[in-house]
Amino acid sequence: RGAAILDEASWELIGSFVAADYAVFALMLLVSAAIGVYYAIVGRGQSSSREFLMGGQSMTAVPVALSLTASFMSAITVLATPAEVYRYGASYGLFSLSYVLVVVVSSEVFLPVFYRLGITSTYEYLEIRFNRATRLLGTVMFIVQTMLYTGIVIYAPALALNQVTGMDLWGAVISTGVVCTFYCAMGGLKAVVWTDVFQVGIMVAGFLSVIIRAVVLQGGVSNILNHAELGGRLNFWDFDASPLRRYTFWTITFGGTFVWTSIYGINQAQVQRYISCKSMTHAKMSLYINLLGLWIIMLCSVFAGLCLYSVYKHCDPWTAGTVSAADQLMPYMVMDILRDYPGLPGLFVAAAYSGTLSTVSSSVNALAAVTIEDLIKPYTHMTEKHLSWTSKGLSE
């Protein structure tokens with residue numbers, strides 16, 4: 001099945017996007033934009049920047065939890081994690097253990113501090129703890145880092161998907177950028193949170209469409225796991241203490257805890273969501289419910305990587321030169337095994353771009369928040385109404 005397509009005519013045999021695929025992708029963008037319009041209409045009475053940027057601190061645990069999951073998982077998760085599992089094994093899934101430690105530390109150590117202070121920007125803490133110069137340094141570094149990261153998050157998956165599916169590169173970049181900017185500016189944090197809820201559903205649906213088809217083709221889950229076992233991909237319990245190894249139990253669980261605590265504990269995009277909850281109880285619940293979401297996404301991405309290995313264990317598209325980069329492997333398999341099901345390749349691409357939209361929208365909202373709170377408010381005497389308008393303008 002796999003070897004038959006790895007010849008000079010491979011691209012023609014696999015095919016490219018059809019009208020149904022574009023329709024599914026466009027529907028995802030349309031629904032995302034519609035959520036922004038809805039919250040723009042509902043929130044016409046928003047008279048302060050805090051209502052726009054923090055949802056008036058009226059959010060509940062479940063939508064915030066799903067938003068945390070969606071913004072945490074970008075298109076890189078959808079495309080690169082399965083390829084990483086395909087190449088190096090399922091030990092990557094041990095990050096699920098580090099997520100437990102991350103959530104506990106974030107909810108019990110960092111969250112209470114930020115929530116009780118009643119701040120909007122996490123960098124306000126730096127001024128309280130140290131001085132204004134330290135706060136400004138942290139703010140500027142965050143703005144530069146987030147702008148660079150956001151560009152990569154938009155462009156990298158668009159390039160990979162363009163190479164495999166034939167989807168127009170700049171059409172995808174511009175359309176997703178415009179839609180994301182639109183609902184961020186129209187609806188504020190509430191629109192961002194509820195589009196994240198929708199988009200995390202699309203991400204799971206996209207993964208499941210590929211996984212279910214691969215399971216059917218390979219004759220069941222047990223066959224996929226057997227292939228992975230024979231190929232050395234079920235390498236979970238590697239306790240080698242060498243720091244030179246790519247993945248071991250220690251580097252993933254404890255190293256991953258330190259890496260991701262810096263995101264969940266202090267990153268503006270994540271903190272801004274859980275302190276938008278109406279009570280500290282809801283804020284803590286959002287983090288713990290989010291843990292379930294992280295586990296589901298991780299399970300899907302790791303098993304998708306095992307499916308990728310099972311399908312191409314004897315005919316690696318990368319070493320054969322059919323794809324030019326590892327992050328093209330997953331979309332390649334999608335176009336291979338789902339080409340006879342119009343609309344499903346579009347669903348997977350919508351899943352990848354849902355990861356992009358959720359990450360970018362959280363970044364845009366966070367950038368607007370720190371700019372207002374750290375660079376404008378302390379040095380001007382603007383009214384809350386003008387600050388609200390400025391927040392919307394910055395989101396554009």
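The expected span of a helix is 1.5 Å times one less than its number of residues. The model examined here is predicted.

**Exercise 1. Determine how the span of H9 compares with that of a straight helix, and where H9 bends.**

Step 1. Helix H9 covers residues 169-218. A straight helix of 50 residues would span 74 Å at 1.5 Å a residue.

Step 2. Between its end C-alpha atoms, H9 spans only 32 Å.

Step 3. A bend of about 130° is found in H9 at Gly-187.

Step 4. After the end of H9 comes Gly-219, with a positive phi near 85°.

**Exercise 2. Describe the packing of H9 against H13.**

Step 1. Two packed helices are described by the angle between their axes and the distance between the axes.

Step 2. H13 comprises residues 280-312, and its axis comes within 9 Å of that of H9, with a crossing at roughly 30°. Angles under 35 degrees count as roughly parallel, so H9 is roughly parallel to H13.

Step 3. The crossing of these two helices, H9 and H13, is left-handed.

Step 4. On the H9 side, the contact residues include Val-200, Val-204, Phe-207 and Ile-211; on the H13 side, Ile-296, Ile-297, Cys-300 and Phe-303 are among them.

Step 5. Classified by type, the residues of the contact of H9 with H13 comprise 13 nonpolar, three polar and no charged.

**Exercise 3. Describe the packing of H4 against H9.**

Step 1. The axis of H4 (residues 61-72) and that of H9 come within 8 Å and cross at roughly 65°. Angles of 65 to 115 degrees count as roughly perpendicular, so H4 is roughly perpendicular to H9.

Step 2. The crossing of H4 and H9 is left-handed.

Step 3. H4 contributes residues including Pro-63, Val-64 and Leu-66 to the contact, while H9 contributes Val-193, Trp-194, Asp-196, Val-197 and Val-200.

Step 4. The contact of H4 with H9 contains eight nonpolar, three polar and one charged residues.

Conventions. Residues are numbered from 1 along each chain as its sequence is written. This is a predicted model: local features need pLDDT of at least 70, side-chain atom pairs count only at pLDDT 80 or more; totals for chains, interfaces and linings use all residues. Side-chain values use heavy atoms; hydrogens and water are left out. Axes are lines fitted to C-alpha atoms, for helices over the stretch in contact, and angles run from 0 to 180 degrees between N-to-C directions. Helices (H or I, at least four residues) and strands (E, at least two) are DSSP runs, numbered from the N terminus. Angles under 35 degrees count as roughly parallel, over 145 as roughly antiparallel, 65 to 115 as roughly perpendicular and the rest as oblique. A crossing is left-handed if the near helix is turned anticlockwise from the far one by less than a right angle, and right-handed if clockwise. Contact means heavy atoms within 4.5 Å. Ala, Val, Leu, Ile, Met, Phe, Trp, Tyr, Cys and Pro count as nonpolar, Asp, Glu, Lys and Arg as charged, and the others, Gly among them, as polar. The bend at a residue is the angle between axes fitted to the seven residues ending there and the seven starting there.
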